[in-house]
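Hi,

Here is the structure I promised to pass on.

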Amino acid sequence: MTREEKGAIIEELAEKFKSTPYFYITDAAGMSVAQTNDLRRKCFQAGVEYRVVKNTLIAKALEQLDTDYSAFNEGVLKGFSGIMFHTESGKVPAKLIKDFIKESGKANKLKFKGASVDYSVFAGEDQLETLISLKSKQELVGEIIGLLQSPAKNVISGLQSGGNKLAGILKTLSERPE
């Protein structure tokens with residue numbers, strides 16, 4: 001690979017990192033061709049872009065960004081690295097990795113190394129469960145709106161039901177013989 005080709009890949013990766021707020025770095029070393037193809041198929045079905053890139057190119061592309069990714073230099077950018085990009089959710093790649101590991105069982109060779117979710121850095125296999133439990137912005141906004149609407153709905157339904165009860169009592173009292 002020539003210097004110009006490497007420079008083009010670094011620029012393309014840097015632009016991809018800037019435009020995609022969610023990316024995961026995995027280690028798929030030792031996977032068979034069938035397992036790798038299965039992983040790529042699952043990524044495609046989930047809308048996740050999966051690419052294998054040299055660690056030095058990833059490191060140089062990350063250096064061009066405003067966010068500090070130096071935590072990746074110690075353990076994440078070692079060995080075989082594949083990058084998973086998803087434009088809409090930080091949860092989708094995490095679930096895909098967990099499901100793939102679960103399906104593969106003891107023959108599993110896929111390892112989670114690190115991730116960037118909304119420009120926050122997560123490094124180490126122990127972070128995968130944390131990433132799965134994270135809620136997207138849309139989910140959080142939906143919960144807040146639901147919480148804000150709930151008291152208003154309770155007050156309105158209480159007033160409406162109270163009005164119906166009051167009307168029923170007045171009607172009963174007016175129809176009652178004296």
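Contact here means heavy atoms within 4.5 Å. With that cut-off, among contacts in the chain between residues at least 6 apart in sequence, 78% join residues at least 24 apart.

Before you read on, please note that this is a predicted model, in which local features need pLDDT of at least 70 and side-chain atom pairs count only at pLDDT 80 or more, while totals for chains, interfaces and linings use all residues. Residues are numbered from 1 along each chain as its sequence is written, and side-chain values use heavy atoms, with hydrogens and water left out.

On the overall layout: the chain has seven helices and five strands, taken as DSSP runs numbered from the N terminus (H or I of at least four residues for helices, E of at least two for strands). Read along the sequence, the pattern is α-β-α-β-α-α-β-α-β-β-α-α. Of the 178 residues, 33% count as buried. For burial I use relative accessible area with a 1.4 Å probe and protein chains only: buried is under 20%, exposed is over 50%, and partly exposed is in between.

Now to helix α1, residues 3-19. The expected span of a helix is 1.5 Å times one less than its number of residues. Ile-10, Leu-13, Ala-14 and Phe-17 are the buried residues named in α1. Seen down the helix axis, the buried residues of α1 fall within an arc of 100 degrees, so they line one face; the arc is that of the directions from the axis to the C-beta atoms. The cover over them includes β1 (22-27), β2 (49-52), α3 (55-63) and β3 (82-86).

Seen from α3, the buried residues are Asn-55, Leu-57, Ile-58, Ala-59, Ala-61 and Leu-62, and they pack against α1, β1, α4, β3 and β4 (111-117). Leaving aside neighbours within four places in sequence, Ala-61 is in contact with Ile-10, Leu-13, Ala-14 and Phe-17. The C-alpha atoms of Ala-61 and Ile-10 are separated by 5.1 Å, although these residues are 51 apart along the chain.

How do α2 and α5 pack? Helix α2 (residues 33-46) and helix α5 (residues 91-104) meet at an angle of about 145 degrees, with axes 11 Å apart. Axes here are lines fitted to C-alpha atoms, for helices over the stretch in contact, and angles run from 0 to 180 degrees between N-to-C directions. From α2, the contact is made by Gln-35, Asp-38, Leu-39, Lys-42, Cys-43 and Ala-46; from α5, by Val-92, Leu-96, Phe-100 and Glu-103.

As for α5 itself, its 14 residues reach 20 Å from first C-alpha to last, close to the 20 Å expected at 1.5 Å a residue. Lys-91, Pro-93, Ala-94, Leu-96, Ile-97 and Phe-100 are buried in α5. Gly-105 follows the helix, with a positive phi near 65 degrees.

Asp-66 is exposed, with a relative accessible area of 85%. Asp-66 and Tyr-119 are 9.5 Å apart, C-alpha to C-alpha, and 53 residues apart in sequence.

Cheers
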